[in-house]
Structure formats: structure tokens, C-alpha cells
Amino acid sequence: MIETILISISIIMMVIGACFSLFAALGILRLPDVFSRAHASGKASTLGVMLILTGVLIYFIGKEGHFNVQLLLGIIFIFITGPLAGHLVSRSAYYMGVKPSERTIRDDLKDAK
């Protein structure tokens, strides 16, 4: 009984994670500038991959009764490095002089140079 519940939860998490990854890919394709694209890839894809890995972790706990530390370390690693990479891409693009789209309302880093 508990095995079925855990496997169902893991499947739901993996499907939701795949949807978030799909939304991140659509955001990268559809958004107008590098800053918006880095935001989409840094936030949505990180959440998507974390949900997929958490679903896999729960699946192995429910199906085999095995807790995998490597998956937990992968989740923590993605949690730390995903948004950080998006931030660094945006910051370096800003310092290289890449112009934001016309719809950008304010520039918080203008005075920080």
C-alpha cells in the first residue's frame, strides 16, 4: 500500500518536473533578451530538474527501500548551481554591454558600475 502511494507521488513529481523543464525551454525560445532567458533557464529548469530528481529518489525509496545519497547530493548541487549560473550569465552579459529589450522598465545595476 505505502509502496503504491510513494510510486504515485514520485510519478506526479516527475511529470510536474518535466512540465517545468518544458516551460523553461519555451521561455528560452520565446523571451526577447538574454536577461529574461537566463531567468527562465535559471529558475524553471532548476525547479524542474529538482522535482524530477526528487521523484526518482522517492521512487527508489518506495520500490526498493533504498535511499540514494548520490541523488540527494545531485538535488543539492542543482539547487545551488542552477540559479547561480543564471545570475552569472546575466551579470556578465550586462557588463559586456548587452542591451535589454525595449520592454525593460528599470535598470537596477546602472549605478552599481
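1. The largest pocket holds about 450 Å³ of space, where a volume is the space filled by probe spheres set on grid points that are joined across faces, edges and corners. A pocket here is an open set of points on a 1 Å grid over the protein atoms alone, where a 1.4 Å probe fits, with protein on both sides within 12 Å along at least five of seven lines, and lining residues have an atom within 4 Å of a point.

2. This is a predicted model, in which local features need pLDDT of at least 70 and side-chain atom pairs count only at pLDDT 80 or more, whereas totals for chains, interfaces and linings use all residues. Residues are numbered from 1 along each chain as its sequence is written, and side-chain values use heavy atoms, with hydrogens and water left out.

3. Which residues lie nearest the centre of the largest pocket? They are Phe35, His39, Ser90, Arg91 and Leu109, out of 18 residues that line the pocket. The elements that give two or more residues to this lining are H2 and helix H3 (69-95), and H3 supplies the largest share, 6 residues. The lining divides into 6 nonpolar, 6 polar and 6 charged residues, with Ala, Val, Leu, Ile, Met, Phe, Trp, Tyr, Cys and Pro counted as nonpolar, Asp, Glu, Lys and Arg as charged, and the others, Gly among them, as polar.

4. Helices are DSSP runs of H or I with at least four residues, strands are runs of E with at least two, and both are numbered from the N terminus. For helix H2 (residues 34-64), the 31 residues should span 45 Å at 1.5 Å a residue, and the end C-alpha atoms are 43 Å apart, which agrees; the expected span is 1.5 Å times one less than the number of residues. H2 is followed by Gly65, whose phi is positive, near 70 degrees.

5. The UniProt annotation "transmembrane region", from an unreviewed entry, covers residues 6-29, 41-61 and 67-89; such annotations may be inferred rather than shown by experiment, and the positions are given in the numbering used here, with feature names shortened. In the model, residues 41-61 are 100% helix and 0% strand, with end C-alpha atoms 29 Å apart, while residues 67-89 are 91% helix and 0% strand, with end C-alpha atoms 35 Å apart.

6. A search of the whole structure finds 3 aromatic pairs, a pair being rings of Phe, Tyr or Trp (its six-membered ring) whose centres lie within 6.5 Å, with planes under 30 degrees apart counted as stacked, over 60 as edge-to-face and the rest as tilted. Tyr59 and Phe60 form an edge-to-face pair, at 5.8 Å centre to centre and 65 degrees between the planes. Tyr59 is partly exposed at a relative accessible area of 28%, and Phe60 is partly exposed at 26%, given that buried means under 20%, exposed over 50% and partly exposed in between (1.4 Å probe, protein chains only). Ring pairs also link Phe35, Tyr94 and Tyr95 into a cluster.

7. Lys43, found in helix H2, is partly exposed with a relative accessible area of 47%. The C-alpha atoms of Lys43 and Pro83 are separated by 6.1 Å, although the two residues are 40 residues apart along the chain.

8. In the segment after H3, Arg103 counts as exposed at 66% relative accessibility, and its C-alpha atom is separated by 19 Å from that of Ser41, 62 residues apart along the chain. Lys110, found in the segment after H3, counts as exposed at 56% relative accessibility; the C-alpha atoms of Lys110 and Tyr94, 16 residues apart along the chain, are separated by 9.6 Å.
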